[in-house]
Amino acid sequence: MAKYRFDQIAINSTEKKKPVEEDRFTYLGLEHLDSGTLKVTRFGSEIAPIGEKLVMHKGDVLFGKRRAYQKKVAIAPFDGIFSAHGMVLRPKEDVIDKDFFPLFISSDYFLDAAIKISVGSLSPTINWRDLKELEFELPDMDTQRKLAEVLWSINDTIEAYKRLISATDELVKSQFIVMFGEPKNSPDAVSFETAFTIRDDLRKPINDAVRSEMHTGQLYPYYGANGQVDSINDYLMDCDAICLAEDCGAYGAGEHTSYIVSGKCWVNNHAHVLIPNECCDIEFANVYFRILDMTTSEDENAAHDPALFGAAARVCSLRPSER
């Protein structure tokens with residue numbers, strides 16, 4: 001296979017514009033991109049976004065360069081504007097097949113290499129000047145086309161399975177409300193502080209370079225905003241807890257806002273650590289978070305700050321066995 005620098009494979013479009021009112025309908029931010037899928041299912045803003053944004057066209061590949069470890073890659077579903085914390089990429093079709101290109105950008109082969117050159121500790125970001133110098137091996141064009149055909153067929157099957165899971169989640173949500181009523185209106189409720197102990201002191205970020213040296217011996221899960229992102233040979237926690245995405249997560253009703261961790265693990269600073277108290281069942285609480293709408297605005301959510309979240313979740317329901 002031939003080897004190419006990334007700037008021989010892709011065009012990084014830097015065209016920008018200052019949004020006007022109508023642009024809010026076709027705006028995509030990093031919060032609209034989901035890890036593990038090239039499909040965009042959410043978009044738009046209640047008000048026109050502030051600051052210059054990247055111009056995108058239908059079919060462009062959108063790559064989240066900020067916190068790239070979240071592996072957010074998507075195909076632009078329409079013409080519009082995209083977050084300046086991302087990149088708008090287009091294939092150089094003399095080197096890479098246009099149908100193979102988005103699959104290549106979303107692959108671990110590309111993303112793992114890109115993540116390693118992220119700079120910064122709190123919000124690691126990939127710079128084009130470094131990314132363009134990375135080298136990747138690519139098969140010939142005929143092989144790329146064949147791979148694209150097979151991989152897109154697999155992708156379609158995965159997306160169909162996700163739709164089935166989503167429909168199941170909606171069923172769980174509706175059954176939850178039927179069985180227990182609307183949680184916020186429940187007479188059997190306690191305050192957020194009564195239901196949970198916030199243990200954000202148990203979380204700590206580790207950058208990619210350090211984690212790369214922690215992959216030998218007994219390994220433990222390393223969690224981020226939306227779930228496990230790595231396995232490392234150390235842990236900070238050894239308990240059952242709920243992790244609630246702090247940033248770059250999904251916070252609308254019915255979305256996977258939280259997840260449960262159990263036993264020895266390490267959680268980074270992109271998720272709050274909540275330990276249910278005696279009055280609160282962990283499974284019940286996890287479902288509750290997933291049906292609760294914690295969105296406060298386009299760029300801010302209640303889960304980002306414990307004080308805001310406490311106000312949004314003033315009535316966290318009791319154990320189902322006590323109802």
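Predicted model: local features only at pLDDT ≥ 70, side-chain atom pairs only at ≥ 80, totals over all residues.
**Entry 1: strand β13**

I started with β13, where four of the five residues are buried, so the rest of the structure largely encloses this strand. By "buried" I mean under 20% relative accessible area, with exposed being over 50% and partly exposed in between (1.4 Å probe, protein chains only). Strands here are DSSP runs of E with at least two residues, helices are runs of H or I with at least four, and both are numbered from the N terminus.

Residues are numbered from 1 along each chain as its sequence is written, and side-chain values use heavy atoms, with hydrogens and water left out.

**Entry 2**

Two strands count as paired if DSSP finds at least two bridges between them.

I then went through the neighbours in turn. β13 pairs with β14 in the antiparallel sense, over five bridges, and a hairpin of two residues connects them. Y223 has Q228 in β14 as its bridge partner.

On to β18: β13 pairs with this strand in the parallel sense over two bridges, and Y222 stands opposite W266. β18 (residues 264–267) also runs antiparallel to β15, joined by two bridges. There, D238 is partnered by K264.

**Entry 3: aromatic pairs**

How many aromatic pairs turn up in the whole structure? My search gave 13. Rings of Phe, Tyr and Trp (its six-membered ring) pair if their centres lie within 6.5 Å; planes under 30 degrees apart are stacked, over 60 edge-to-face, and the rest tilted.

I looked at Y109 and F136 to begin with. Their ring centres are 5.5 Å apart and the planes stand at 85 degrees, so I logged the pair as edge-to-face. Y109 is in helix α3 (residues 108–115) and F136 in strand β10 (residues 135–138), so the pair ties together parts 27 residues apart in sequence. Y109 is partly exposed at 43% relative accessible area, whereas F136 is buried at 1%.

Back to β13 for another pair, Y223 with Y259. The centres are 5.5 Å apart and the planes at 35 degrees, so this pair is tilted. Y223 sits in β13 (residues 220–224) and Y259 in β17 (residues 258–261), so parts 36 residues apart in sequence are tied together. Both are buried: Y223 has a relative accessible area of 12%, and Y259 has 10%.

I also noted one aromatic cluster made of F6, F63, F104, Y109, F110, W128 and F136.

**Entry 4: salt bridges**

Next I searched the whole structure for salt bridges and got 12. The test is a side-chain nitrogen of Lys or Arg within 4 Å of a carboxyl oxygen of Asp or Glu.

K17 and D23 form one of them, with their closest N and O atoms 3.0 Å apart. K17 is partly exposed at 30%, while D23 is buried at 9%.

D60 and R90 form another, at 2.8 Å from N to O. This pair links distant parts of the chain, 30 residues apart: D60 is in the loop between β5 (53–56) and β6 (61–64), and R90 is in strand β9 (residues 86–91). D60 is buried at 5%, and R90 is partly exposed at 23%.

For D97 and R145 I got 3.8 Å, N to O. D97 lies in the loop between β9 and α2 (101–105) and R145 in helix α5 (residues 141–180), so the pair ties together parts 48 residues apart in sequence. D97 is buried at 11%; R145 is partly exposed at 42%.

K71, D108 and D112 are linked in a salt-bridge network.

**Entry 5: the whole chain**

Last, I looked up the totals. The protein chain has nine helices and 20 strands, and 46% of its 323 residues are buried. Among contacts (heavy atoms within 4.5 Å) between residues at least 6 apart in sequence, 73% join residues at least 24 apart.
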